[in-house]
Amino acid sequence: MYSIVSFGHMALDGLRMDAYARAIASTVKPGDVVVDLGAGPGIFALLAARAGARRVHAIDVNPAVWLARDLAAENGLADRVEVHHASSWDVELPERANVIISDLRGTFPLYEGHVATLVDVKTRWLAPGGTLLPARDRFRVALVEAPDIWRDLESGWRYFEDRGFAAAAARASTLNTPYSDSDRAIPASHVLTSDAIFGEIDYGVPFAPTVERTVDVTTKRGGVAHGLCIWFDATVVDGISYSTAPGNVVTYKRTFLPLLEPVRLEVGEQASLTIRVDVRGRRWAWDTEIRAPSGGARARFRQASFLGEPTSPETMLRESAQFSPSRSEKGERVRRLLEQMDGKRTVAELAQSLVTPSLQEQDALDDVREIVARYGR
Ligand SMILES: C[S@@+](CC[C@H](N)C(=O)[O-])C[C@H]1O[C@@H](n2cnc3c(N)ncnc32)[C@H](O)[C@@H]1O
């Protein structure tokens, strides 16, 4: 869950905020009903109220959304901003909205429930002819130099090798994992090739479960490629956009998919990149083929986040859609607890019923609070 400080930093992102502020000013009309979905402390809600919205529903599962109420009051907008501390999936609105504003992206727009959430709220909340902000994103990729990030990823395993151990499994695992450039921003000068669009999304319309595309890029500057850099171009509303391209200072950072080995690229050389990513942004696969001037491949890597996740056959079986699970001991405890949550017993009483020699009262209380927060009312 984001901290209050990180929400403040999101609002500091000039590129993103200027685009959203301009889009809100040009889209929200006096008298409109607006939703600020994933509002945090409600910067979009305040901008919409200032643009003349009659009512703004500020919605977030994060309790920071209660700050939106205080901030609205501080700015003389209390009568127009209504706070919903809940998941959008649990909220019924009393009216349809003319504009729904959100930024539920992570480092990449395909992030957890983002895409499905916008399809759902468009269907349930948007008035006919209403507008979703943002409108669409385009996904881009290029090969980049990133010696510091790459060295950092595999340097730990060098120490294993310095002590006489082989460490190929650990190195392969690390280099099959997607990273963000949050600690070491990739500058524009480190992009070695042309970039290519490998996907696009129009928000609010059903989207494929997986994006997969092969694109060709051409080397513009000779150097050593350490990985693929992924970013996106956002269109908040037609005519108003921003980009998270290397060199731009943005709250989102960029995704970095390392190569198994750094590869020297000469100007004019071509590479073919195949990217696959699921709609929740959890599983990535990236194939890289650097072509020799003769046309054949002179370097080829097939990588996937699956290969970067140490696991056991038992865990894989449990995650299979064909697995028929039964309840564990903990699952039984949760079942009994849910049955006892009848609106009569207090949290303390529920916790008391869980206490055993191996589960102390304070731990039982924490367990009950967690279950109540998730499934109680
Ligand atoms: C990246 S923050 C954006 C905060 C603020 N709107 C901004 O742009 O600066 C995304 C927020 O969306 C919230 N969120 C994501 N999915 C949600 C959902 N389905 N219902 C309610 N809140 C959601 C998260 O809790 C998080 O606070």
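Student: How many bridges join β13 to strand β14, and which way do the two run?

Tutor: Two strands pair if DSSP finds at least two bridges between them. In this predicted model, β13 and β14 (residues 284-291) are joined by seven bridges and run antiparallel.

Student: What do β13 and β14 form, and how many residues lie between them?

Tutor: They form a hairpin, with five residues between the strands. Find G281 in the turn: its phi is positive, about 70 degrees.

Student: Which other strand is joined to β13, and by how many bridges?

Tutor: Strand β9 (residues 210-218), by nine bridges. β9 and β13 run antiparallel. Here T218 stands opposite Q270 in β13.

Student: Is strand β13 mostly covered or mostly open?

Tutor: Count residues against a cut-off: buried means under 20% relative accessible area. Of the nine residues in β13 (270-278), seven are buried, so the strand is mostly covered.

Student: How many bridges join strand β1 to strand β2?

Tutor: Five, with β1 (residues 33-37) and β2 (residues 55-60) running parallel. To locate the pairing, find V35, which stands opposite H57 in β2.

Student: Next, helix packing. At what angle do α6 and α7 pack, and how far apart are their axes?

Tutor: Helix α6 (residues 147-162) and helix α7 (residues 168-175) pack at about 170 degrees, with axes 9 Å apart. Angles over 145 degrees count as roughly antiparallel. That is why α6 is roughly antiparallel to α7.

Student: Which residues make the contact?

Tutor: From α6, the contact uses W150, L153, E154, W157, R158 and E161. From α7, it uses A170, R171, T174 and L175.

Student: How do the residues of that contact divide into nonpolar, polar and charged?

Tutor: Five are nonpolar, one is polar and four are charged.

Conventions
Residues numbered from 1 in each chain as written. Predicted model: local features only at pLDDT ≥ 70, side-chain atom pairs only at ≥ 80, totals over all residues. Heavy atoms only, no water. Axes fitted to C-alpha atoms, helices over the stretch in contact; angles between N-to-C directions. Helix = DSSP H or I, 4+ residues; strand = E, 2+ residues; numbered from the N terminus. Parallel < 35°, antiparallel > 145°, perpendicular 65-115°, else oblique. Contact = heavy atoms within 4.5 Å. Nonpolar A, V, L, I, M, F, W, Y, C, P; charged D, E, K, R; others polar. Buried < 20%, exposed > 50% of the residue type's maximum accessible area, 1.4 Å probe, protein only.
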